[in-house]
Amino acid sequence: MAVTTTTVAPTAAAATRPAWMRGAGEGMRAMAPVLAGLAPFGFVIGATVATTSMPSLAGWATSWLIYAGSAQLAVIQLIDGGAAVLVVVATTIALNARFIAYGAGLAQHWRDEPRRWRAMAAYLLVDPTYVLTLGRYARPGSRSERRAYFMGAALTLWVGWQVVTAAGVLVGAGVPDGLALEFAAPLCLVGLLVRQADAGDQRGAAAVAAAVSLGAIALPLQLGALVGALAGVAVACTLGRSRRNGEVR
Amino acid sequence: MTAWLAVVAAGISVYSLRAVLLLGRFRTPVTIERALVYVAPAALAALAAPAVLSGGGAAVAPRALALAAGVVVAHRSRSIGATVAVGMAVLWIATAALP
């Protein structure tokens, strides 16, 4: 009993604020520079809506209904190109299949959290949030502190994202056509791609996908992108498998 | 109406991807886990590349130049903002300079 009092007392004395408040503040401060870096991307997504035939509100709603930058851009472009709903869904899944792995990575830390909390956390899970949160779980801290860190970081990004995409929708409509603003969207995708593909085989997958999607550009319903992506994954997996077999022998 | 339907359907599918291992008790097979590494880069490339050929505004050569410049800047800076800024600048200059 005496031991518990002595271990708790210094912590309580050192921090005037409760643990969750410290955690949340730390998460918000960690996410702020990330949000600043992603703000142009969010703005371009909003501005892209303005260059397409898509209703502005539906375009902005991707920010809270989908909440994943590359998928939002893809959905906006595909809908504008007249893609079938099934193609939109399949491309969205292909773009964000990595979220399955993110869920797996955090599930081990969140096993004891209430189901409702995990359902909410799943909605907020995106790349920077995952990376920061996993880093926070690698450092010491109480359960409530780390949980609050996630919420602080995740909500900062979520709120900021809604604001910058809305600003893009509102301001983007006023940009003259001659500036070819719609080209900013593929440039954003390139920026995201290079940041995510560090390994040579990932870049190989990207190169194959780019070539095939260009060759398949005439396919209806914007199927070319989906065919290209599948080709890139198939080639990379096949090459990876033969390389692993080679190592074994 | 179709736009809203597609957005909602895409939203439900993305949420399912996030939630499947956080709320369910499944394990992903190793083969799928290996493939997941390639899926995002391949999908991003397949979406970006056709922009060289399709869409109004600039001609093919300036688009190709701008996208190539974007790849180089993204590689060097790892910043989306810098990639977009340089890529758009190259697009405008090339459009004005090329016949």
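**Where chain A meets chain B**

Let's start at the interface: 79 residues of chain A and 61 residues of chain B make up the contact, where two residues touch if their C-beta atoms, placed from the backbone, lie within 7 Å. On the chain A side, helix α10 (residues 184–196) gives the largest share, 12 residues; helices here are DSSP runs of H or I with at least four residues, numbered from the N terminus. That side of chain A splits into 58 nonpolar, 15 polar and 6 charged residues, counting Ala, Val, Leu, Ile, Met, Phe, Trp, Tyr, Cys and Pro as nonpolar, Asp, Glu, Lys and Arg as charged, and the others, Gly among them, as polar.

Bear in mind that this is a predicted model, with local features needing pLDDT of at least 70, side-chain atom pairs counting only at pLDDT 80 or more, and totals for chains, interfaces and linings using all residues. Residues are numbered from 1 along each chain as its sequence is written, and chains are lettered from A and ligands numbered from 1 in the order in which they are written.

Now zoom in on one helix pair. Helix α7 (residues 115–124) of chain A packs against helix α1 (residues 2–23) of chain B at about 145 degrees, with the axes 8 Å apart; axes are lines fitted to C-alpha atoms over the stretch in contact, and angles run from 0 to 180 degrees between N-to-C directions. From α7(A), the residues involved include R115(A), R118(A) and Y123(A), while α1(B) brings Y15(B), R18(B) and L22(B), among others. The contact of these two helices has 8 nonpolar residues, no polar ones and 3 charged.

Over in chain A, helix α2 (residues 19–51) has 33 residues, so at 1.5 Å a residue it should span 48 Å, and its end C-alpha atoms, 46 Å apart, agree with that. The expected span is 1.5 Å times one less than the number of residues. α2(A) does bend by about 40 degrees at L38(A), with the proline P40(A) following within four residues; the bend is the angle between axes fitted to the seven residues ending there and the seven starting there.

How far to trust all this? The model scores ipTM 0.83 and pTM 0.74. Chain A averages a pLDDT of 84, pLDDT being the predictor's confidence in each residue, from 0 to 100. Residues 1–10 of chain A fall below 50.

Definitions and conventions. Helices (H or I, at least four residues) and strands (E, at least two) are DSSP runs, numbered from the N terminus.
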